[in-house]
Amino acid sequence: VQEIWLGADYDDGGSDFDTQIRAGSRVSHKKFGTGVVTQIRPGSDPTLTVKFPGWPPKQIKLSFLRPA
């Protein structure tokens, strides 16, 4: 899956996503900074593979990310 829709019914414990997230979307993480989504694994809290500058690709749960 390379795209997910996160609407008003998505509750991840505080994220302010209310948009489509797809490969190529920019996201922000507290420690790693701003990165680009390269892959999405769906689920109740989807896992995104994100490439952050200066770091190898990271697999991070959506609830730890914010829109960039």
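How many helices and how many strands does the protein chain have? The protein chain has zero helices and seven strands, where helices (H or I, at least four residues) and strands (E, at least two) are DSSP runs numbered from the N terminus. The model is predicted, so that local features are reported at a pLDDT of at least 70 and side-chain atom pairs count only at pLDDT 80 or more, whereas totals for chains, interfaces and linings use all residues. Residues are numbered from 1 along each chain as its sequence is written, and side-chain values use heavy atoms, with hydrogens and water left out.

Read along the sequence, the protein chain follows the pattern β-β-β-β-β-β-β. Of its 68 residues, 37% are buried, a term that stands for under 20% relative accessible area, with exposed meaning over 50% and partly exposed the range in between (1.4 Å probe, protein chains only). The accessible surface of the protein chain comes to about 4200 Å², and 51% of this surface belongs to carbon and sulfur atoms; the areas come from the Shrake-Rupley method with a 1.4 Å probe, and for residues only the protein chains shown count as cover. Among the contacts in the protein chain with a separation of 6 or more, 33% are made by residues 24 or more positions apart, a contact being defined by heavy atoms within 4.5 Å.

Five strands form an open sheet in the order 6-5-4-3-7, with antiparallel pairing, and two strands are taken to pair if DSSP finds at least two bridges between them. The edges of this sheet are strand 6 and strand 7 (66-67), each of which pairs on one side only. Strand 3 is joined to strand 7 by two bridges, and these strands run antiparallel; Ser28 stands opposite Arg66 of strand 7. Strand 4 and strand 5 also run antiparallel and are joined by five bridges, and the hairpin that leads from strand 4 to strand 5 passes through five residues. Here Val36 has Lys51, in strand 5, as its bridge partner. On the next step of the sheet, strand 5 and strand 6 pair in the antiparallel sense over four bridges, with Leu48 opposite Ile60 in strand 6. The hairpin of strand 5 and strand 6 has six residues between the strands, and within this hairpin Gly54 takes a positive phi near 85 degrees.

Strand 5 is mostly covered, as four of its five residues are buried. Thr49 lies in this strand (residues 47-51), and Thr49 counts as buried because its relative accessibility is 11%. When residues up to four places away in sequence are not counted, Thr49 touches Val36, Val37, Thr38, Gln39, Pro57, Lys58 and Gln59.

The largest nonpolar core has eleven residues in all, namely Ile21, Val27, Phe32, Val37, Ile40, Leu48, Val50, Phe52, Ile60, Leu62 and Leu65. Such a core is a set of buried Ala, Val, Leu, Ile, Met, Phe, Trp, Tyr and Cys residues joined through side-chain atoms within 4.5 Å. Strand 4 and strand 5 each supply at least two residues of this core. For Ile60, the contacts beyond its neighbours within four places in sequence are with His29, Phe32, Pro46, Thr47, Leu48, Phe52 and Leu65. In soluble globular proteins, nonpolar side chains tend to be buried together.

Rings of Phe, Tyr and Trp (its six-membered ring) pair if their centres lie within 6.5 Å, and planes under 30 degrees apart count as stacked, over 60 as edge-to-face and the rest as tilted. By this rule the count comes to two aromatic pairs. The pair of Phe32 and Phe52 is tilted, because the ring centres are 5.4 Å apart and the planes stand at 35 degrees. This pair links distant parts of the chain, 20 residues apart, with Phe32 in the loop between strand 3 (26-29) and strand 4 (33-41) and Phe52 in the loop between strand 5 and strand 6 (58-61). Phe32 counts as buried at 15% relative accessibility, and Phe52 is buried with a relative accessible area of 0%. Phe32 and Trp55 form an edge-to-face pair, at 4.7 Å centre to centre and 80 degrees between the planes. Because Phe32 lies in the loop between strand 3 and strand 4 and Trp55 in the loop between strand 5 and strand 6, the pair ties together parts that are 23 residues apart in sequence. Trp55 is partly exposed, with a relative accessible area of 30%. Phe32, Phe52 and Trp55 form one aromatic cluster.
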